[in-house]
Protein chains: 2
Amino acid sequence: MGHTKLNTQPSQSLAARATAVRPRVVIVGAGFGGLYAAKALRGAPVDVSVIDRRNHHLFQPLLYQVATAGLSPGDIAYPIRSIVSRQKNYRVLLAEAVGVDLAGRKVLLRDGAIGYDYLILAPGARHQYFGHDEWAPLAPGLNTLEDALEIRRRILLAFERAEREPEESRRRALLTFVIVGGGPTGVELAGAIAEIAFKVLVRDFRAIDPREAHIILLEAGPRLLPAFPESLSAHAAADLRRRGVEVRLNTAVTAIEAGRAQAGGQVIPTATTLWAAGVQVSALTRSLGVQLDRAGRVPVQPDLTLPGHPEVFVIGDSAAFTHQTGKLLPGVAQVAIQGGRHAARCIRRALRGQNYEPFHYVNLGNMATIGRASAVADFGFLRLSGFIAWMLWLVIHISWLIGFRNRFVVLFEWAWSYFTFDKAARLITGSLDDEWTGST
Amino acid sequence: MGHTKLNTQPSQSLAARATAVRPRVVIVGAGFGGLYAAKALRGAPVDVSVIDRRNHHLFQPLLYQVATAGLSPGDIAYPIRSIVSRQKNYRVLLAEAVGVDLAGRKVLLRDGAIGYDYLILAPGARHQYFGHDEWAPLAPGLNTLEDALEIRRRILLAFERAEREPEESRRRALLTFVIVGGGPTGVELAGAIAEIAFKVLVRDFRAIDPREAHIILLEAGPRLLPAFPESLSAHAAADLRRRGVEVRLNTAVTAIEAGRAQAGGQVIPTATTLWAAGVQVSALTRSLGVQLDRAGRVPVQPDLTLPGHPEVFVIGDSAAFTHQTGKLLPGVAQVAIQGGRHAARCIRRALRGQNYEPFHYVNLGNMATIGRASAVADFGFLRLSGFIAWMLWLVIHISWLIGFRNRFVVLFEWAWSYFTFDKAARLITGSLDDEWTGST
C-alpha cells in the first residue's frame, strides 16, 4: 500500500513524488542469488519485487540433513517475507514465473505479469535424469523440502519393511541403499545413511540388524567430488569406505527399475535408489531467445547480463559464466551470492549514471561433509580433511544460516546428535504405500 | 532376534526356556493409551508387540501449534522404536490393524496377522463430519501431522493469495477463517490464527493488512468448551472476542461448499474452513461383535475389558466407560494414559494369579489455551484463567512431552515466539494449487 498511494495525493514533496517513479527491480527466485541481490539493494532508490513459487528461502546446503532425519524442514527454511518485511519498498509475490517478455520488459507469471526496469533472474536448477525421466519416481533427487521428506520417508520405511520381511533376498534388497552420483550431495547422503544404519538405529530393531545395511555410492567418473583436488577426493572415498559405504567409481547407472538398479553391467537389488547426479536449469531461461548450454544455462556477458539486454541479469545456477578462468563457475551458494550482490551493485551504479563493472568471483573455498566429525575443505592454498574441516564446515554453515532462531536450533540439534547418536527428525510422514512391493 | 532364537539351542537354563513361552501382549496403537500401557509393562515377564500405522508417537495436545506454524512436526513426535528400544522383549511393528479375531486370539493386519494372549486396543479416534463426508476436503480436521501441515498450508496460502487478489470481495473471503466447533481444538485454533493475523504477519504484506482478517468460531451449543465449568467457558469466549475472534454460539453449520460456509441461516464467504467438531472411533472396533455407541466406542466392563473377553482391554478414545460417574469419560490424554496403565496393572496381576481391579479414573484437571499468555484450567476445587493458567499449561505440557530434546526445543520455540512475536514454522509446503479458485 505505502508509497503507491502517494501518487494520488496532491500535496507531495518532490522527494515523495520521486518515490512513485522509482525504477522497478524484479527478482525472480529467492534462493541464495535472489535473496542476496535483494539484501544488497536495501536502501537503494528502487522498488523491489521478489517473486518465488515458495514462501521460504531454503538453505540448500543442509537439505541432505533433512533427508536423513537430522534436521526439521523449519530449521533450514525461512519465510521470504520476514527477511525483507522492514523494507517498505520491497514486496514479495508468491507466484510462478513462466517466461520473460524481453521487448515488453515484463515477467510473465502463471497468473498475470509484472513489469520491470531491471530484472535479476535467479530461478535456480534442479537435478535431471539425462533423458531418463522415467527414473524420477524410482530414484528421487534432492532439491526441495518435499524431496527431502520423500527421501527421509523412503530410507526409514525401508528399515521398517525389512523388519517385517521374512524372505531373505527381499530383506537384503530393503537394506540396500544405492546413491547415484559422487558429488557433494551423493557423498553427504551416503555418509549420513551410513550413520543412521550403523550408529542411530542399532538398538531399534529386533528381526533385523541395521548394521547389515548395504550402502552403495555409484560415481560414473574416476573419483568422488570431482570439483575438489584429487587428494581430498581420495580422502573422501577412503573415509566413506571406513564408515561402511561401498564406493564404486567408474560405474555409470544404466537402468533403474522398481526393486533394482543396474550399474557397471551388474544388477543391484534395492528398494531405495537416490539420485544425486545431473543439473537442469529452470525452464524459465528458454524464453530468453538465446542459445543455452546443455543444462539450460544462459551464456552471460562478463557483467552477468543477458547479451543485448543490460537491464537483465542472470545469476547463480542459471548462468554460464566462463569469462574469469575459461571454466564454468560451479553451481554453489557462493557463486549465486556473489552474483546477486554484483547485480545489485551494477544497478546502483546505473542509477548514479555509472557503467557496470565486470563480475569477479572470489573463490572462498569448497567444502563437503563425509559424515560424523569428518569433512573435506579446499581453500586453494590450504586443504583440510577430518575433524578440523568438519568443525570449520559447522561454523561456516551456522554463520550463513538466516535467522538467529534457526542458527540456535540447528546448533542444538547438531550437538544433541553428536553426543547422543540420536537423529531427532526420524519421522515417516505421508503415505505408507509405495510403488515398490518387492515382488517385481 | 534375541529370545526367539533361544528355542533352538539345546543347553538352555530353565529361566531362558521360560522366556520363550512368555505370554504375548499385543498393543494396537501407540498414542497415549498404548504408549503408557507399554511403558507400564516394562520388566513384566511378557513379550510385548506394539502395532501402529505410524512410526512415531504424536503428542496430540500440541498438534494445533503445528497447524498454526508455532512448532515443527518433529518437535511433538517421537519414534516409537526409540521409546522402547532398550526393552529387549518389546518389538514394534509398523503395520495397519484391520480387525480382531477374538476366537483365534489374533489381530488381523492389512498384511498378515499376529497372535496374542492379552490384547490392549488403543486405536484412537478421528474427527467425523456427521454424515457429511463430502465436507472433508473442504474443511480439514486435525488429527495427524499431515492434517496439521495441510491446515498450516491453507492458512498461510490464504494470506498469500489475498495479497495478490485485486477483487475486494474475493480478498475478503481469503481473509476470512471459519472454525467449526468450540471445543478445545476449535478454541486453540481460533486463538492461534488470531495471533498470526494480528501479531505475527502484521509487517509482512503490502497490498493487504493482515489485521483485516476475520476469524469466526462457530459453536452449535450454547457455550464454548462444554466440558469446562460455565465461568471458564464465558471467560474463553470473552477473551477470544477481545483478541478479535468473532464467536458465534448456538450456530450450527448447515453447509460447506467451495468458497463458503453456511451457518445460522447465513452464508459466510470464506476460503478457509477448518473442522474441529465430532469424534469417530477407529473402524477397528467394529470387528469386536459388540454393540458400539454412535461414535463407534466400545462399551467396556468396569475393568476396561471387552464383555466376555477378559484378555482384551479397550482403552482411551475407543472405550465408552460410564461406570464411575454415569457419564462418559472424555477423550483426553489423561483418560488414555490412566487406562493404559490400568490395563498393564491388570495383566501383571493376572500373571501373579490375582484378579483384575476395576478402573478408577482420577481427574487431574482440564486445560485449554486461548492464545498468547492466556488459558483456562479446571482442577475441580480450583479454576484458573489468564496468565497463571497459561503458565501452568506450559509447564504441564512440557513435562508430559516425550524426550529431553523435544522438551528443550519446544520450550525454546515458545520463549522465542513469546518475546519476538515470531512463528518459526511459517512454511508452505506441498502444492500451491487448491480446489478453491475463488470463482465459485
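Tutor: Before we start, contact means heavy atoms within 4.5 Å. This is a predicted model, where local features need pLDDT of at least 70, side-chain atom pairs count only at pLDDT 80 or more, and totals for chains, interfaces and linings use all residues. Residues are numbered from 1 along each chain as its sequence is written, chains are lettered from A and ligands numbered from 1 in the order written, and side-chain values use heavy atoms, without hydrogens and water.

Student: OK. Through what do the copies meet?

Tutor: Through the same surface, because 100% of the interface residues of chain B are also interface residues in chain A.

Student: What rotation superposes chain B on chain A?

Tutor: One of 180 degrees, with 0.0 Å of shift along its axis and an RMSD of 0.0 Å. The two copies are thus related as by a two-fold rotation axis.

Student: New topic. Is strand β24 of chain B enclosed or open?

Tutor: Largely enclosed by the rest of the structure, because five of the five residues, 374-378, are buried. Buried means under 20% relative accessible area with a 1.4 Å probe, protein chains only. A strand is a DSSP run of E, at least two residues, numbered from the N terminus.

Student: Which residues are on each side?

Tutor: B:Ser374, B:Val376 and B:Asp378 on one, B:Ala375 and B:Ala377 on the other.

Student: And how does β23(B) pair with β24(B)?

Tutor: Antiparallel, over five bridges; pairing takes at least two DSSP bridges. B:Gly371 stands opposite B:Ser374.

Student: What about β25(B)?

Tutor: β25(B), residues 383-386, pairs with β24(B) in the antiparallel sense over four bridges. B:Arg383 in β25(B) stands opposite B:Asp378.

Definitions and conventions:
Buried < 20%, exposed > 50% of the residue type's maximum accessible area, 1.4 Å probe, protein only. Least-squares fit on C-alpha atoms with pLDDT ≥ 70 in both.
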